[in-house]
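Let's take a walk through this one, piece by piece. Keep the viewer open as you read.

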Amino acid sequence: MLDMTPKDITERSALRINPAKTCQPIGAMYASLGIHNCLPHSHGSQGCCSYHRSHLTRHYKEPVVASTSSFTEGAAVFGGGPNLRQSLKTIFQVYKPDVVAVHTTCLSETIGDDIPSIVRKAQEDGIVPNGKFVIHANTPSYVGSNVTGFSNMVKAMVDYFSSRDFGKSTDVNVIPGYVDPADMREMKRMLAELGLTATVFPDTSDVLDSPMSGSYEMFPKGGVTTEQLMKTGSASMTLALGAFASESAAMSLESKCGVPFTVMDLPIGIRSTDRFVKSLLDLTGQIKPVASMIEDRGRALDMMTDMQHYLYGKKVGLYGDPDQVIAMADFLISAGMRPVYVITGTPGKRFEDKVKTLLGNEACRCVVKSSADLFYLHQLIKSDPVDLIIGNTYGKYIARAEDIPFVRYGFPILDRVGHGFFPTFGYRGSIYLLTNIVNTLLDRIDRDSPEERFELVM
Amino acid sequence: MDSRILSDREKQVHVKGDGPFSMNCDMPSLAGAVSQRACVFCGSRVVLYPIADALHLVHGPIGCAAYTWDIRGALSSGPELHRLSFSTDLQEKDVIFGGEKKLYSALRELIERHNPNGAFVYSTCIVGIIGDDLQAVCQRVSQETGIPVIPVQSEGFKGNKRAGYNAACNAMFELVGTRPTDDISPVSLNILGDFNLAGEIWIIRQYFERIGVQVVANITGDGRIDDIRRSHGAALNLVQCSGSTMDLAIMMERQYGIPFLKVSYFGVEDMADSLYRVANFFKEIRPAIIDRTRELVRNELNRLYPELERYRKDLNGKKAAIYVGGAFKAFSLVKAFRLIGMDVSLVGSQTGTEEDYKELYEITDPGTIIVDDSNPLELSNFLEEKDVDIFVGGVKERPIAYKLGVGFCDHNHERKEPLEGFVGMLNFAREVHSTVMSPVWRFSPRRVSQHVHNERSLKAV
């Protein structure tokens, strides 16, 4: 009964069914949580904040705090200035964060609240204590997607904090993209392994994967500090991982502080991690990566080669946020799989161009689409099925209706655990992803084998 | 009051026994507070969502539809149309030039494909600002398609969740009275304010069937458009869940003279009381109903009590904290905890009224903290201070409990077991028991030190 998708595809211009994206503010809220002692603030109605917190909580299984301007009808008519002012008062009196990261909503954007001038006035009036910061990003929900919101808030970190005043250093900035805490943690581990001093921002590790301590910390110990953010302006370069989530902050940092940048795919899969590591090696002047990293790579490769015949030629329906999907498509292709439907809800022709380039000659046999939704993906799969679906939790309806194996990947994952702890980044991440993919395919073979072909050793 | 409560919130927290009872509530949250509350849209969406054969179209940017896509386990025995996510996904150009055209074609396309028995179109913040004429578009589509297409005035900023309940009731009231009522028995009722989470309304309906009462419409759990359209033919409305459907009951009383009873199906006392009140209502025209109800309650209790006793033994004297959306649920929870021998140390709600809190004050023990529109910091402080064994709440409260090393029971959208009815009480006891008695909390740092302390004092004895 849940399957109400007709096979035939018709043109839809007015309607989104089963979206493969969500709105900007949640991305901004998530990015803000990657600043140490920061309270994200939603300048809009109470519901926005409540929905974002609930959604993030369901994905990370962690408390997520954020405050809201609690718009009322009066605010919607006369402007939300007084609400934001009162909010800052309440926040600094009671919760005492170092930073308040304000993001807007469709409501406050449309009525035209000018956040910087409201905040400036509050600062002049002593509402913002000395040494405390209020930053902001414009995140209208009717433009872009959750990824755009993330990107805008990361750019705000640069615009508000990055400074030329700290001279020049050999440090590196890494903008890890809209990824889970485990990936940010793995990124820091890899950078340390290569002996690099780097600032990873935002950084939600130790914020949204904090250990059970027996007490509730409103501001867990993780997150990039304001001091670190200021010093990003003195770094030797910025690596922006994932064009959609990270490029605009890197560009802003270049124009503000003259820090050159490189945009790369997320280091997901062996090929992409190779490119990432190589650029770091070029930077440090090392010729070879450290032994431990070579061994990790070898182990990932070992699994991929051991299992290649289960992977080769398998058709995959892949969807999610653009940076994740691009990197995963690359990984799948390199493992011999065929991502035949590659879809994101986020708008951007750049996504389509990039994926088509990766697909090369195969591109003409595949469907690559931005601004699409899962209803459309389901229609594609109904016309011509795939062997595996990879994407966030919402794919489970399609997987069930069409009886197709399903690997959860991306944001949000609302019905499984582990994604907060195991990285998808780097060679170790490749092992985790391959394990999931191969085991899911093997489970299916077990389930479907007739008795005489049901095998102990696979 | 202590420093851990926002100074402006002092009047929204009361400790029973600390002076005369007074409570400020039903007021907007303090801007800047980390409130657990939601908005008008959320209120409307939760009430109407379980109507399974309706088309639910969210007119706004994608977020409002994305966050309410199949998050509420409101089960349907038939159609599942309510579980899909439909949105007009408004873009910048729509915000500038208006979204009416888009809304019109979205509605036409969806109605043609899914043949729903009715449609609800939810207004969101942005629609309230750009001024799309929802009423006009809905009317036009309704005329063209022949099904009711109803605008829900649920702009997020127009109040809190309660205002959303009201908008939902107004929307449903447009349906009421539009279908014939010929085959409805004089001994009949509508169930209002039950959302069939985990199949609860099926339990309640079955009780009424057993005592010979016809259920006309489920409002809204496992609900159907056509049932609501003829719900004015029922003799009685039963209203559960604080605010959510009370407005509809009042409107139906005014317009159709249908009386209503406020009931609750949580806990043994309230469940039995609800059935008896229904029986009393119909006893003039159906005298046998009293005996049938007594028999039902007796049978259920005979089955329930011995099983409950098993859990009660372990749970006796353990401490509970409650923070839920509506206060009405809190009343029943207080009583339910008492039945399994537990003490309630904290009880609060997002949207309670003064009357609600007075009642809570009456039924709780001295020392119980009563709180309105709380926040994580406050809640976690109270949980720690009272050293509770279980916290009952919703999705945002769950991880707070777990971080503190406290058991948790979801009494909200995400409950997986039916908690209503007599069987629900048993499920509730089992859920509470399984989380309170789980050995995992022993590893929590706070408990570890208590554990060591206890063992030492034991040895000293």
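The buried residues of helix 1 of chain A pack against strand 2 (38-43), helix 2, strand 4 (99-104), strand 5 (133-137) and helix 7 (146-161) of chain A. Helices (H or I, at least four residues) and strands (E, at least two) are DSSP runs, numbered from the N terminus, and two residues are in contact if their C-beta atoms, placed from the backbone, lie within 7 Å. Helix 1 (residues 24-32) is mostly covered, with nine of its nine residues buried; among them are Ile26(A), Met29(A) and Tyr30(A). Buried here takes 20 or more other C-beta atoms within 10 Å of a residue's own, exposed 12 or fewer, and partly exposed is in between.

Some housekeeping: this is a predicted model, where local features need pLDDT of at least 70 and side-chain atom pairs count only at pLDDT 80 or more, while totals for chains, interfaces and linings use all residues. Residues are numbered from 1 along each chain as its sequence is written, and chains are lettered from A and ligands numbered from 1 in the order in which they are written.

Now for where the chains meet: 59 residues of chain A are in contact with 65 residues of chain B. Helix 2 of chain A gives the largest share of chain A's side, nine residues. Strand 1 of chain A also pairs with strand 3 (residues 86-87) of chain B, antiparallel and over two bridges, and Ile17(A) stands opposite Phe86(B) there. Pairing requires that DSSP finds at least two bridges between the strands.

Over in chain B, six strands form an open, mixed sheet in the order 1-12-11-10-13-14. Strand 1 (13-15) and strand 14 (407-410) of chain B stand at the edges with a single partner strand each, so one side of each has no neighbour in the sheet. Strand 14 of chain B runs parallel to strand 13 (residues 390-393) of chain B, joined by four bridges, and Gly393(B) stands opposite Asp410(B).

Finally, look at helix 12 (residues 289-315) and helix 17 (residues 421-436) of chain B, which pack at an angle of about 15° with their axes 10 Å apart. That makes helix 12 of chain B roughly parallel to helix 17 of chain B. Axes are lines fitted to C-alpha atoms, for helices over the stretch in contact, and angles run from 0 to 180 degrees between N-to-C directions; under 35 degrees counts as roughly parallel, over 145 as roughly antiparallel, 65 to 115 as roughly perpendicular and the rest as oblique.
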